[in-house]
Amino acid sequence: MKVFQNAGHLFRLAAVFAVGGVAFIGVRAFLVPKSFGQYGHYRGNAIAEIAARPVNFAGHQACEDCHADVLEKKMGGKHVHVNCEACHGPQAKHAEDPGSVQPAKLDTAVLCVRCHEANLAKPKTFPQVVSADHANGLACDNCHQPHSPVITDGGTK
Amino acid sequence: MNITRRHMLLLLPAAALAWKHVLAGTPEASPNYKMTEHWWGMLIDLPKCIGCGNCVRACQAENDVPDGYFRTWVERYHVSDYDIENPAVDSPDGGKEGFPPAKAEGGRNFFVPKLCNHCADSPCTQVCPVGATFISPDGVVLMDKTYCLGCRYCVQACPYGCRFIHPKTQTVEKCTLCYHRITKGLITACCEACPTGARQLADLKNPNDPIHEFLKTHNVQILKPYMATHAKVFYNSLDGAVR
């Protein structure tokens, strides 16, 4: 059995590898987050972290809970499917605390033309105007009431 | 501690219960939301898009997107009658402030909103070396900012150009399909702000979602189908010239 005469150093080498392996497993267990690999090759808790972000747009359901009168005005009008926050902007803060956070007043001169300014690329069926020659410089809400824009009784003014 | 057979028999059901909780995968912020019950996508009804830029502004307001960068943007196409292979595309400031009047008469003119396609086989998640980007169990491609190295592999891998490096954090940013909203039962900010219904959030696992009827009855395509990304943003009446 001359082959195994100096087998001692093999055991030492094996011991070094074993210690290294255990150290690697220990360090890895310490460094890798618990949720890593929960659903795949990523940190599972990241999903909950992303989902926990606060919202800025309250959603039309929240608006309609309080503003039923406006919803009624929109009903039957062309803007019935336009959500409140499409024009009024993000209102989650107002929805949370309606008393102290008031939405800013809107300027129809800016808002209406965003959608209704004529452009060749817009669908032909969509109502468009060249705002410069449409109303002789009058504000849109002189004639159109934004919540139901068909001309009936002379807008909001 | 010695684990006897009796202990083992008691422990096994407890372990099974714990594992079931793990599999259910409910984000803590929304206790009624089960990831396994959803498979999110979006429908873009192109004939309804008027290029108003409401979606771009809403996205920036909802997600604190820095100026000059976009998680969603609107492109305007002009396809000349004589050169359908090379459409003229413009998107001034992502379409955020609308579009100037079109110069060219004739040909086809239309708007195309773009966003992350939330591919079921997304190239971006495949190239990430550190597991910072991934497809969630409900089919949304998400980013783990704490893991991102900013190596830009995914930015190059995305065939749709939907990712960018945030100028401050130097980590990757992209559309999350408003994951913080859809898990709370809301629709995305862009869908909320779209005045014409050109954008519609779609849950492909919900049998009552109108998307199923729409897909059956309309001419719906995805972008770059030859990339085999299995994109989940569906475009109705997509022009062949759109890249």
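Two residues are in contact here if their C-beta atoms, placed from the backbone, lie within 7 Å. I started with that cut-off in hand and went to chain B.

I'm working on a predicted model, where local features need pLDDT of at least 70, side-chain atom pairs count only at pLDDT 80 or more, and totals for chains, interfaces and linings use all residues. Residues are numbered from 1 along each chain as its sequence is written, while chains are lettered from A and ligands numbered from 1 in the order in which they are written.

**Chain B, overall.** Of the contacts in chain B with a separation of 6 or more, 63% are between residues 24 or more positions apart. I then looked up the secondary structure and got seven helices and 11 strands. Helices (H or I, at least four residues) and strands (E, at least two) are DSSP runs, numbered from the N terminus. Along the principal axes, the C-alpha atoms of chain B fill a box of roughly 85 × 40 × 35 Å. Chain B has 243 residues, and 42% of them count as buried. Buried means that 20 or more other C-beta atoms lie within 10 Å of the residue's own, with C-beta atoms placed from the backbone; exposed means 12 or fewer, and partly exposed is in between.

**Helix 2 of chain B.** I checked residues 54-63 next: eight of the 10 residues are buried, so this helix is largely enclosed by the rest of the structure. The buried ones are B:Asn54, B:Cys55, B:Val56, B:Arg57, B:Ala58, B:Cys59, B:Glu62 and B:Asn63. I looked for their partners and found strand 2 (72-79), strand 4 (108-115), helix 6 (189-193) and strand 9 (199-203) of chain B, together with helix 5 of chain A. Just after the helix, B:Asp64 takes a positive phi of about 50°.

**Chain A, domains.** I moved to chain A, which is divided into domain 1 (8-51), domain 2 (56-101) and domain 3 (105-157). Those bounds come from an automatic or database domain assignment. Taken over C-alpha atoms, the centres of domains 2 and 3 of chain A are 20 Å apart. Domain 2 puts eight residues into their contact and domain 3 puts in six. On the domain 2 side, helix 4 (68-74) and helix 5 (84-88) of chain A are the elements that give two or more residues. Helix 4 of chain A gives the most to that side, with three residues.

**Helix 7 of chain A.** Last, I listed the buried residues of helix 7 (residues 108-116): A:Cys112, A:Cys115 and A:His116. Seen down the axis of helix 7 of chain A, they fall within an arc of 85°, so they line one face of the helix. The arc is that of the directions from the helix axis to the C-beta atoms.
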